[in-house]
Amino acid sequence: MTRLNELPDWGYLLREMYELYRFLPSGGSLPIRAHQRRVREDINKLLKANADLRPIEAAAKPVTAHLRRALDEGLSSPNVRMVRALEAVCGTLSWQYGYDKIPRGLERSFAFAEIVAPGGPVISETVILGLVLFAPGCTYPAHAHDGITESYITLSGAVSENNQGVYAPGSLIFNPPGHRHRITVSDREPSLLLYAWTGPSEKLANQKMIFSRGPRKTGGGAAG
């Protein structure tokens, strides 16, 4: 098994992730601050333990045709050090969908790649870190994560979640467990996000996401 110190680009990438979760503001939110601390602590443990790296087969998806543009845009963002660290390993990433059945059209406008996960490349049972890439104009349907606390950091492009604000590069989006969320992307540019999942190890190892239509309207009003 390969270790982090044998492929230093991966160690540099983890350090940049650590710095993002160290210095991004929490906006006074105690749950966000606690999540940031949890992510930092888990990354620090991986670095100190010289964590295992499991070889994976690189794989592309149609949306990765937008990756070069997303990285280029990220080089002029507050996340430039993170983006440069990503460039060093992006040719070895395995992009995937993660759903048994993906909605029509989404297969050309979305994919994700794990960086830290129970299945690798960097092996961890306590945190999942990865990238999600959206094509311009993508709508990522509403979904939720059972028992998982999630955050996104916008590396390039701009997205909105549940039509509540616009998240430009350097922004953090926080989703507590079970929170139903839908993402929309700018029509003009792709968007590249870093995501982190924390939660019980059994949830991280067996997480299944299901797209939902949301509550039905009854009696002329929206259900809560």
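# Questions on a predicted model

Tutor: In this predicted model, Tyr 97, Phe 110, Phe 112, Phe 134, Tyr 140, Tyr 195 and Trp 197 form one aromatic cluster.

Student: How many aromatic pairs does the structure hold?

Tutor: A pair of aromatic rings is described by the distance of the centres and the angle of the planes. Rings count as a pair if their centres lie within 6.5 Å. For the structure, the number of aromatic pairs is 7.

Student: Which residue has its charged end over the ring of Tyr 97?

Tutor: Tyr 97 is one of the residues of the aromatic cluster. A charged end sits 5.1 Å from the centre of the ring of Tyr 97, and a charge over a ring has to be within 6 Å of the ring centre. The residue that carries this charged end is Lys 61.

Student: Are helices H1 and H4 roughly parallel or roughly antiparallel to each other?

Tutor: Helix H1, residues 8-23, and helix H4, residues 80-87, have their axes 9 Å apart and pack at an angle of about 155°. The contact is made by Leu 13, Glu 16, Met 17 and Leu 20 of H1, together with Arg 81, Met 82, Ala 85 and Leu 86 of H4. Angles over 145 degrees count as roughly antiparallel, and H1 and H4 are therefore roughly antiparallel.

Student: What is the crossing in which H1 passes H2?

Tutor: H1 and H2 pack at an angle of about 155°, with 9 Å between their axes, and they are therefore roughly antiparallel to each other. Residues that make the contact include Leu 14, Tyr 18 and Tyr 21 of H1 and Val 39, Ile 43 and Leu 47 of H2. The crossing in which H1 passes H2 is left-handed.

Student: Which residue in E11 is the bridge partner of Val 159?

Tutor: E9 and strand E11, residues 181-185, run antiparallel and are joined by 3 bridges. In E11, the bridge partner of Val 159 is Val 185.

Student: What is the phi of Asn 50 near?

Tutor: Most residues other than glycine have a negative phi. Asn 50, in the loop between helix H2 (30-48) and strand E2 (52-53), has a positive value. Phi of Asn 50 is near 50°.

Student: Is the peptide bond from Gly 120 to Pro 121 cis or trans?

Tutor: Pro 121 is found in the loop between strand E4 (110-117) and strand E5 (122-123). Most peptide bonds are trans. The bond from Gly 120 to Pro 121 has omega near 5° and is cis.

How values were computed: Residues are numbered from 1 along each chain as its sequence is written. This is a predicted model: local features need pLDDT of at least 70, side-chain atom pairs count only at pLDDT 80 or more; totals for chains, interfaces and linings use all residues. Side-chain values use heavy atoms; hydrogens and water are left out. Two strands pair if DSSP finds at least two bridges between them. Helices (H or I, at least four residues) and strands (E, at least two) are DSSP runs, numbered from the N terminus. Rings of Phe, Tyr and Trp (its six-membered ring) pair if their centres lie within 6.5 Å; planes under 30 degrees apart count as stacked, over 60 as edge-to-face and the rest as tilted. A charge sits over a ring if NZ of Lys or CZ of Arg is within 6 Å of the ring centre and within 35 degrees of the ring normal. Axes are lines fitted to C-alpha atoms, for helices over the stretch in contact, and angles run from 0 to 180 degrees between N-to-C directions. Angles under 35 degrees count as roughly parallel, over 145 as roughly antiparallel, 65 to 115 as roughly perpendicular and the rest as oblique. Contact means heavy atoms within 4.5 Å. A crossing is left-handed if the near helix is turned anticlockwise from the far one by less than a right angle, and right-handed if clockwise.
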